[in-house]
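Please examine the sequence and the three-dimensional structure shown below.

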Amino acid sequence: MSVSRASSRTYLRLSILSALGLLAVNTAMAATSENTSINDNNLPQVELDEIVVTATRTPTKVSNVIAQTRVVNSKELKRYQGQTVLEVLKRQPGISHYTNGGMGTVSNLYMRGYDGKQILVLIDGIRYSSLSTGTSALNLLPADQIDRIEILYGASGSSIYGADAMGGVIQVFTKGSNVEKTNYSVTAGVGSNDQYLYGASAQFANDTGTALSLSASHNETDGINATLPDPSNQYAPYNKDDDGFESDNVSIALNQRINDQWSAGASALYSESTTYFDNGAAQNVYSDQETGAAQAFVDWRYQPGASVKLQYGHSIDNIDTETYASNYDTEQDQVSLVGQHSLPIGTGIYGAEYLNQSIDTTDYDVDDRDVTSAFLGYVLANDKFDAQANLRYDDNSQYGDETTYNLGGALHINPNLRIGASYAKGFRAPSFNDLYSPFGGNAELTPETSDNYEAFIEYDTTIQSTRLTGYHNKVDDLISYVSNPTPSNPYAGASENVNEAEINGITLTSDWIIDNYLFGASYDYQHAKDSSGGSNDGNFLAIRPEHKGLIYAGYRLSSFDIRAEYEYVGDYYSNVTNAESQFVDHYGLFNISGNYQLTDNITMTARLDNITNEKYITLPGYDTDGINYFTSLTYNWY
C-alpha cells in the first residue's frame, strides 16, 4: 500500500542531489573571491524574551505573561523541514502523543494531561479542528509552511477563546507575517523511506507598505510498515508493507499598511494529503484529507495604545475514506471584533465573536451549530507586577451557555526573579460524534468543565531563562461511553457525562545562551488519574507518562548551527483500564540537526533522528521508525 512512484525514483534522487551539490560547489567557488564574510543577519538567533499574542490577545513579552508560554520560531522550525507540526510539538515540554504508524497516520496530542479534544488549535486566530472527532489534524500541517508556533499551557485560554481550551491553546502562524524585503527561494530535499520534498516561495515588499508572501511544497514518502502483528487478536489489522503518505501544501499572506492608523491583510494555509494504512486483509486502504484555514482582517489604530480589529475566517477539515464509504466535511466560519485600550494602569481588552460550525455527513441528526460570545480582559505588564484577568460568555445553540474566567498575578521580586499564581475555569464542548453518532451519541450531553490552578517561580537573565511551574487540575463531567446491553443488542450504550479526573504536575524548563553555545533542558512530572469512583477509579489516564524530559546542546556561528538532543518518555498505559496488554514501555531518542550556510545564497539543512535505532512504540500494535534522516538544500536570491 505504498504511494505510487516512477521506476526511476532512485535515479531522480541521485540527480537532485548531484545537481544541487554541483550548484552549491560552483556558487561557493564563485562567491569566495567576491565575499568571504557572511552577513550577521544570517546568524541563528534564540530569543529568550519573545513577544506573544496568544496568551493575552495583545502583544505581550513572555516574561510578563502569567501562564506558561512557549514559542517555536522560524529559526527553530528550519530543523523540522520535511516534517509536520506534530513532529515539532511532541518534543515540547508538557506534551505527549501517540501515532498509528508513520507520517500522516492517525495521531493524538496531550497537553498537561488533557486530551487533544481539550486543546484548542488556531491558525492565524481561526479555529482549526474536526467537528466529528473534536481533534485537530496537526499530523497533516507542514512545518515548512509555518512562520512560528505559540503554545499557551493551561486553561486561561478558555476565558479568552472559549470552548476546548482546557489543556491549552496552540496557535500556528503562516509564513509571510513579517516580510521585510523581496526574496525568492527553492528547496529540494530527500530522506529515509524514499521521502522527497520540493518547495518554492516568493516574498515581496515595497515602500508603500505592501507585503506579499507565496509558498508551496510537495512532500511524499513510502513510509514504514505501520502496524505490528498481534498474536492475541486475529482480527487486528496487519499487512507487512510500507504505508505511504503524500501532501501538497500552499500558504499565502498579504498585508497592506494603508496609513498610520489603518492596515489590512489576509492569509491562508491549505494542505491536501493522502495517507495509506493497514486494514486487515484489505489492500490499498487510504484516506484523502483536505485541511486548512483562511482569514482576512482590518485593523484600526485610532490613537496610541488603542485599536480595533475586525477579522473573518474560514477553516476546513474534510476526510474521505473510500474503504469505509465514509465522508466527513467540516467547516467553521468565524467573525470577531477585538479591541484594546490603554488605561491609566494596564490595558483593557474587549470583544465579541460569532462562530458557525457545520459538518456534511449523513451520520448525524443535526449538522450545524452557532456560538455567540463576548469577553472582557485586563492585562498589566511592568517591571514590578504582572496581572491578567478575563471573563467570557459563550452561548451555544446546542448545549446552552457557559461562562469562564481566569485571574492571575506575578510579582517581580527583583529584575531577574518572578513568582506568580493563577486560577482558570475551563470547558470543552461535546463533539458531533459525542452528541449524534449512531453508535452511542447522546444529545443530552453537557460540556466537560475544569478548575485549574497554577503557580510558578521564574529566573531570567541575559543568558538564561528558567521556570518551575506546578499545576493542579480537577476535571468534571468527562464524556465517556457507558455500556447498557439489551437482549436485542448486547453492544448497546451511549456517551454520558460520568467521569472525573485529577491531574497534578510540575514542569521545569531552562534555556541558556553563552557566547556561541546553546543548551538547556526540560522535565515533566505528571500524575493524571481517573477519580470517577467507578471501575477505573485510581487508574492512570491513557497516554500520560509520569516522566518526560529533554536535554539539548548546540553551537552556532554565522554560517553554521548544530544541535543535539536526547528525549526521554517514561512508561504509560494506552487505556484507562491499565491492562497489562496496554502497557507502553519507556524509551529514549537521540537526535541531531543542523543548518549550514554554504554561500550567501545556499543553505543546507539536515536532521538525523533516533540515531541509536531505538525500538519503541507509542501505541500497542503500531510501529515506529528506526534511525532516519532528512536533508535539503535551499537556494535563495534577492
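## An enclosed strand

Strand β9 (residues 168-174) is largely enclosed by the rest of the structure, because 7 of its 7 residues are buried. Here, buried means under 20% relative accessible area, exposed means over 50%, and partly exposed lies in between (1.4 Å probe, protein chains only). Helices (H or I, at least four residues) and strands (E, at least two) are DSSP runs, numbered from the N terminus. From β9, the residues G168, I170, V172 and T174 point one way, while V169, Q171 and F173 point the other way; all are buried.

This is a predicted model, in which local features need pLDDT of at least 70 and side-chain atom pairs count only at pLDDT 80 or more, while totals for chains, interfaces and linings use all residues. Residues are numbered from 1 along each chain as its sequence is written, and side-chain values use heavy atoms, with hydrogens and water left out.

## The sheet around β9

Which strands form the open sheet, and in what order? The order is β3-β8-β9-β6-β7, giving 5 strands with mixed pairing. The edge strands, each pairing on one side only, are β3 (69-72) and β7 (126-127). Two strands are said to pair if DSSP finds at least two bridges between them. Strands of a sheet pair through backbone hydrogen bonds, either parallel or antiparallel.

Strand β8 (residues 146-153) pairs with β9 in the antiparallel sense over 7 bridges, and Y153 stands opposite G168 in β9. On the parallel side, 5 bridges join β6 to β9, with G168 in β9 as the bridge partner of I119. Strand β6 (residues 119-123) is also joined to β7 by 2 bridges, and these strands run antiparallel. In that pairing, I123 stands opposite I126 in β7.

## Charged pairs

Side chains of opposite charge can pair when their charged atoms come close. The structure holds 25 salt bridges, a salt bridge being a side-chain nitrogen of Lys or Arg within 4 Å of a carboxyl oxygen of Asp or Glu. One of them is formed by R79 and D561, whose closest N and O atoms are 3.0 Å apart. This pair links distant parts of the chain: R79 is in the loop between α2 (74-77) and α3, and D561 is in strand β28 (residues 560-569), 482 residues apart. Both R79 and D561 are buried.

E565 lies in β28 and R91 in the loop between α3 and β4, so the pair ties together parts that are 474 residues apart in sequence. E565 and R91 are both buried. R392 and D394 form another salt bridge, with closest N and O atoms 3.1 Å apart, and both of these residues are buried.

Rolling a probe the size of a water molecule over the atoms shows where empty space is left. On a 1 Å grid over the protein atoms alone, a cavity is a set of points where a 1.4 Å probe fits but cannot get out, and lining residues have an atom within 4 Å of a point. Grid points are joined across faces, edges and corners, and a volume is the space filled by probe spheres set on the points.

The structure holds 11 cavities of 30 Å³ or more. About 600 Å³ of space lies in the second largest cavity. Of the 37 residues that line this cavity, the closest to its centre are Q83, E87, K90, D625 and N628. The elements giving two or more residues to its lining are α3 (85-89), β4 (95-99), β12 (210-224), β31 (587-597), β32 (602-609) and β33 (628-637).

D477, in strand β24 (residues 464-483), has a positive phi of about 60 degrees although it is not a glycine. D477 is partly exposed, with a relative accessible area of 31%.

D515 also has a positive phi, of about 55 degrees, and is not a glycine. D515 is placed in the loop between β25 and β26 (517-530). Is D515 buried or exposed? With a relative accessible area of 64%, D515 is exposed.

Technical notes
On a 1 Å grid over the protein atoms alone, a cavity is a set of points where a 1.4 Å probe fits but cannot get out, and a pocket is an open set with protein on both sides within 12 Å along at least five of seven lines; lining residues have an atom within 4 Å of a point.
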